[in-house]
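Welcome, and thanks for taking a look at this one. Here is a short briefing on a sheet and one of its strands, to read alongside the structure.

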Amino acid sequence: MAALVSVNVGLPKDVAWQGRTVHTGVWKAPVDGPVMLRRLNLDGDGQGDLAGHGGEQRAVLVYQLDSYRHWRDVLGRDDLTPGAFGENFTVDGLPDDEVCIGDRFRVGDALVEVTQPRVTCYRVGLRLGEPRLPALLVAHHRPGFYLRVLADGEVRAGDELVKVADGPERVTVAEIDALLYLPGHDRAAVVRALRVGALSPGWKASLRALLDEPADRPGNPGLGAVAPPPAWAGFRPLVVTGVHPETADVTSLRLAAPDGTPLPPPVAGQFLTVQLAAGLVRSYSLSGPPAGASYRISVKLEPGGAGGRFLRDHVRAGMTLDTAAPRGAFTLDRSDRPVLLVSAGIGATPLLAMLHDLAGHRSGRAVWWLHGARDGAGHVFAAEVRALLAALPSGREVVCYSRPRPQDRPGVDYTRAGHLDAGVLGGLDLPPAAVAYVCGPPGFMDDVTAALTAAGVAEVHREQFSALAAQTPGVRPAAAGPPRSRPGPGPTVTFARSGVTAGWSDGDGSVLALAEDCRVPVRWSCRTGVCHTCETGLLSGDVDSVPEPLDPPAAGTVLICCARPRTDLVLDL
Ligand SMILES: Cc1cc2nc3c(=O)[nH]c(=O)nc-3n(C[C@H](O)[C@H](O)[C@H](O)COP(=O)(O)OP(=O)(O)OC[C@H]3O[C@@H](n4cnc5c(N)ncnc54)[C@H](O)[C@@H]3O)c2cc1C
Ligand code: FES
């Protein structure tokens, strides 16, 4: 019979960590006497970051005495006391390789159910001063697990945990943890795990994503979108075969192989990265049809923009540009569901490639082209879009001009005056089964995503033409300036989206730490090669991995928390 050895609680507090402040509830301390266990928490307990921890599915974290003994021996630690792994229940019994998702236990007056393994997060490593711990917990098959509370009640140290129901399918905590985080991802086992109703929705979504991608493609789709492998490594010279003005401030370029051989076809929605000059690296979505002898990109010449100015002043037909292979996971799905292509301004480019693809295949899908422009002078690709929509049996268009000119004709050049916003989208009777692709300024994408979600459209994909927002769980925001370049004795690392280049020095530890020093927005959770949150496109160069990631990242990407440059690098960050 399993026993509750210790009930541990703790409220979030600020702790200093690597020169930053982290708001965390990972410090838990044992409680004497009874504690009330409710749907979201034990009384007196809390989590610092509710996006990653806590909530109904993760109300109680459980860890076992046997694992304490294991880590005492492996890590040589004799200072591990109950609560040290951030758990609420320290238990004797209930090993991770026996407890199953969906198992139910009566403990004290409460009834609880196993929902998922522990979240892989750096904070358990922070708590114990052992940064490798998130990876070790997975690699040693000792993650611990979460409970949801089916009936509130008092619990106390010494209570027995009495099993009252077996989880269906008998999928153990250790097994499902390995299924997601370690190589293999046995599809039959994933299907079996998905039959367990008690599994938390987050884990179900991750396991479903594993099934949606081809099994032989490198990368872990359960932990993040996996793009098709890039067609070539690094940069190769492509020759500019045409320069074509679309509007006063948008110019299209055609790029082809110097020997005229066909270029590998991209997937509609992908982008190219071009090395315009030393240290001047910019990405542009492909805007033309996927198949063809050349690639087309369409560039908005931003006033004062370095890349736009270079293109305007220097790029002519006949010159070569070093170009990385088409990349990106913002790609058109192959279902027969209705598709919404929603853009503002130059954000139309990847969606135009998708529209070309749909028209080229004479797709029977219902296709909505929803676009916002300032006026007729800024309405890029207007004629091209109309011709493509006309080739589709079920294509329709809504174009909003925020500031139409007197000569712009309502009902002819544009559909409505005003912004393409929630009011417009809400009145369109959009099909909830649709899949939506959205591209434009970040604020536009946020508004559109909210409006589409409110209209019942569940699947919304977004492409951002700049650095992605940072994701630094629990770290208190500190005043920081814009990204900055930095010298260093080692290889140079160019962060393409942020437009900065830094020199490596061995004290940096990882490319992630170097990016942080340069104030480049970064995304991470475990910082030790498990969660893939930091997976980043490697546009050129080679890295060493320290430590080795538990499951390799997708082709053409690196986990920057484990990466050290072996050569100069260009990263899609
Ligand atoms: C995946 C992806 C796809 C993309 N697709 C496209 C596409 O299809 N078409 C396209 O046109 N762009 C696209 N972009 C954006 C593109 O890569 C460039 O970021 C964009 O063109 C601006 O580059 P720039 O060098 O001209 O301007 P930058 O020099 O990067 O400057 C950007 C803006 O900031 C302003 N600025 C620059 N320096 C300062 C300063 N010190 N203080 C204040 N303001 C400043 C400039 O005036 C300019 O308006 C894409 C980006 C990504 C990541
Ligand atoms: S932050 Fe988790 S793998 Fe890099």
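**Strand β19 and its surroundings**

In this predicted model, strands β19 (residues 339-344) and β20 (residues 367-373) are paired in the parallel sense over six bridges. On its other pairing, β19 joins β23, also in the parallel sense, over five bridges. The points below start with the whole sheet and then follow β19.

**The sheet**
- Six strands make up an open sheet with parallel pairing, and their order is β22-β21-β20-β19-β23-β24.
- The edges are taken by β22 (416-417) and β24 (459-463); each has a single partner strand, so one side of each is left without a neighbour in the sheet.

**Residue partners across the strands**
- Towards β20, serine 343 has histidine 371 as its bridge partner, and alanine 344 stands opposite glycine 372.
- Towards β23, leucine 341 stands opposite tyrosine 437.

**Burial of β19**
- Side chains in a regular strand alternate between the two faces of the sheet.
- In β19, Val339, Leu341 and Ser343 point one way, while Leu340, Val342 and Ala344 point the other way.
- Buried here means under 20% relative accessible area; six of the six residues of β19 are buried, so the strand is largely enclosed by the rest of the structure.

**The crossover and its helix**
- From β19 the chain passes through α8 to reach β20, and this β-α-β crossover is right-handed.
- Helix α8 (residues 348-360) lies across β19, β20 and β23 (435-439), and runs at about 150° to β19.

Conventions
Residues numbered from 1 in each chain as written. Chains lettered and ligands numbered in written order. Predicted model: local features only at pLDDT ≥ 70, side-chain atom pairs only at ≥ 80, totals over all residues. Heavy atoms only, no water. Pairing = 2+ DSSP bridges. Helix = DSSP H or I, 4+ residues; strand = E, 2+ residues; numbered from the N terminus. Contact = heavy atoms within 4.5 Å. Axes fitted to C-alpha atoms, helices over the stretch in contact; angles between N-to-C directions. Buried < 20%, exposed > 50% of the residue type's maximum accessible area, 1.4 Å probe, protein only. Right-handed = clockwise from strand over helix to strand, strands pointing away.
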